[in-house]
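Subject: Structure for you to look at

Hi there,

Here is the structure I promised to pass on. My notes on the sheet follow below it.

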Amino acid sequence: LIDEAEEDLGRYNKELVRLRTVAAMVSNKQKTLEAYIGDLRCAVSPIRRLPPEILSDIFKYVCCNYVGVNCISKEKMSLPTVALSHVCTRWRRIVESTPSLWTSITLKHATKYVSSYWLETFLSTSRSSPLDLVVGYKHTALEDIALLMQHSNRWRNV
């Protein structure tokens, strides 16, 4: 009797292992399907149906609403243009292909490396568009001032 009971117990344990494996596989398939459904929902969301021109106009409202909206500073970095470009690939393409989104810059109390990197990014991506600048001369690196001077013909507001 004991031998038969132990054999039954062994079979049940094997069956439990098999069922746990099947349950794990089903759970993984379920997670994959949930992610796929999420992707499909994103693909058909209303924001996806807006043409790039309309999105660009909305982005201009966010990024060009006032002079110096993009703030390069060691105290508080606030770069809405960069933030929009990190939402998704489509938005990144739109932001990078709209030079006017990169024209409003505040530069103050920034470390040389950080300010130079972002300043060069904004100046190059804005192409030849007019610039709206707020510059704190007291704590701005001379290299950054020199870089801005190279683009003085583009200054609209300083």
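I call a residue buried under 20% relative accessible area, exposed over 50%, and partly exposed in between (1.4 Å probe, protein chains only). Please keep in mind that this is a predicted model, where local features need pLDDT of at least 70, side-chain atom pairs count only at pLDDT 80 or more, and totals for chains, interfaces and linings use all residues. Residues are numbered from 1 along each chain as its sequence is written, and side-chain values use heavy atoms, with hydrogens and water left out.

Strands (E, at least two residues) and helices (H or I, at least four) are DSSP runs numbered from the N terminus, and two strands pair if DSSP finds at least two bridges between them. On that basis, four strands make an open, parallel sheet in the order β1-β2-β3-β4. Its edges are β1 (70-72) and β4 (155-157), each pairing on one side only.

β2 is covered on both faces: Ser104 and Thr106 are buried on one side, Ile105 and Leu107 on the other. In a regular strand, side chains alternate between the two faces of the sheet. Thr106 counts as buried because its relative accessibility is 8%. Beyond its neighbours within four places in sequence, Thr106 is in contact (heavy atoms within 4.5 Å) with Gly68, Asn70, Cys71, Ile72 and Val134.

As for pairing, three bridges link β1 and β2, with Asn70 opposite Ile105. Four bridges link β2 and β3, and Ser104 has Asp132 as its bridge partner in β3. Asp132 also stands opposite Asn157 in β4.

Enjoy exploring!
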